[in-house]
Amino acid sequence: MTGSPIRTLLLWCPDWPVLAAEIVDGVPATGPVAVLHANRVVACSERARAEGVRRGLRKREAQGRCPQLTVVEYDPGRDARAFEPVVAALEEVVAGVEVVRPGACAVAARGPSRYLGGEEAAAERLIEHVAQSCLVESQVGIADGVFAAGLAARAGRVVEPGGTPAFLAGMPVEALGRSALADLLRRLGVRTLGDFAALPAGDVLARFGFDGALAHRLAAGRDHRPLAVRQPPTDLTVTSAYDEPIDRVDAAAFAARALAEQLHDRLAGHGLACTRLGIEAVTEHGQELHRVWRHDGLLTAAAIADRVRWQLDGWLSGSNGRAGARPARPTAGIIRLRLIPDGVIAQAGLQTGLWGETGEERERAHRALSRVQGILGPEAVVTAVLGGGRSPADQVRLVPWGDERLPARPDVPPWPGRLPPPAPAVVLPSPLAAAVHDAAGEPVVISARLAVSAVPARLVVDAGRPAEIVGWAGPWPVDERWWAPAEARRRARFQVSLADGTALLLAVESGQWLVEAIYD
């Protein structure tokens, strides 16, 4: 990599995950708020910091320091959606904005400084414009390179040209954002970026690898990463207004067809295709209706029209709001319809599978299930997704049909208490109480060292008739959250087969036997 780092202006919004929770979910950012990911604090409000809450703390420790703490789960999608108006406001003043992450965006400083009267004047103008347009406080840093500009923004500094290495030299190695590398460097006696930058580049590459070598360049102020300029989004939304309110399904179907073709043509003109479609409708009485449809393939004009028609049919054919019935229908006809391509990709960017993922039968099934969703809502049709977890119930996540099939938890490597395959076919919503006895009729108990008192011989479920146990395996122990006594949970699981051919997954906890799942 050659050349000098680009003079960069970076705008940073402090505590952005907290502000995003306030903007999207209405959580007051002026109170003690903490945003948690994987049970650890990733961001907190100023009030929470005053009470001793810090990034990296576990939830219980943070709540112990601040009992009034409001806990919010980390949601990167929420952060990105809330940050979009800030980026749009910047693009009203400067061009070529790069979103570094939600809460921070950068732009080459040369242009703004020339037509806004200098670097400091440009920084003040951008801060003021964001505050007036979005009611968001921000700080600006200017330095040579994106990395140094980000650190300068936290201090609200403008680092003079050529002064970036000296500015970085006194920073702790934690400023690199690589916790494992920073921990190793501190154990080796390297505590500041200046100390790290002074090491020979060849030795750093040999000892720490490519990522360590990249961090070494950043520490020395040699950030040559070019800005990835963000292109302002094209307005692809299509809207249609109707003089006569639409209150019949056949009229809605005709309107849906015309608007769907218009949206498809607009997307095709930009070389795009839609994978997620937002449908908005406004009634004559001002009632606003909204629904998002997802699809695991490309939405053609006919597919868009079908989904709009199904959704309008679901709205216009709704019930009168009786308990347990379908959603109530609008009180008046629809006068405005809007289609929003909420998710788009390049038209050649999605390749269908080779082995049976496509076909007439699959498309018919998809259309039928999507029609049910249009009438009863997205949660009416769900599919199971397997992931990681300590119990069969934790490993299954129900995903609405058409949504991304992502597990709730990543799968984990094999561990001593993990059940062997196959997985149970039926996981009970609530475990059933049971009793296990040996051949003499005595209860079978498990010791603290997982020793089984006797061979299991009979099983009684919910005070039913005894069933003979002809085979068993286990125990597989699980000791969860032992470090938090109030939340600690210790169980041992067994697989048993009964004389009638039934196979069950049992668990024993605090001396009580439970039936957790049934094998096929």
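I began with helix α6 (residues 119–134) in this predicted model. I found α6 lying across β1 and β7, and its direction runs at about 25° to β1. Next I looked up helix α7 (residues 146–155), which packs on the sheet and touches β1, β5 and β7. The direction of α7 makes about 145° with that of β7.

I then turned to the sheet itself. It is an open sheet of four strands in the order β5-β6-β1-β7, with antiparallel pairing. I noted β5 (98–101) and β7 (139–144) at the edges; each has a single partner strand, so one side of each is left without a neighbour in the sheet. The twist averages 25° from one strand to the next.

I followed the pairing of β1 (residues 7–12) with β7, which is antiparallel and spans six bridges. In this pairing I found Thr8 opposite Ala143 of β7.

I also checked the backbone for exceptions. Most residues other than glycine have a negative phi, and most peptide bonds are trans.

Ala38 has a positive phi, near 55°. I placed Ala38 in the loop between β2 (33–37) and β3 (40–44). Is Ala38 buried or exposed? Its relative accessibility is 63%, and the cut-off for exposed is over 50%, so Ala38 counts as exposed.

Ser510 also shows a positive phi near 55°. I located Ser510 in the loop between β18 (503–509) and β19 (512–519). Ser510 is exposed, at a relative accessible area of 78%.

My last entry is a cis peptide bond between Gly474 and Pro475, with omega about 0°. Pro475 belongs to strand β16 (residues 467–480).

Key. Residues numbered from 1 in each chain as written. Predicted model: local features only at pLDDT ≥ 70, side-chain atom pairs only at ≥ 80, totals over all residues. Heavy atoms only, no water. Helix = DSSP H or I, 4+ residues; strand = E, 2+ residues; numbered from the N terminus. Buried < 20%, exposed > 50% of the residue type's maximum accessible area, 1.4 Å probe, protein only. Pairing = 2+ DSSP bridges. Axes fitted to C-alpha atoms, helices over the stretch in contact; angles between N-to-C directions. Contact = heavy atoms within 4.5 Å.
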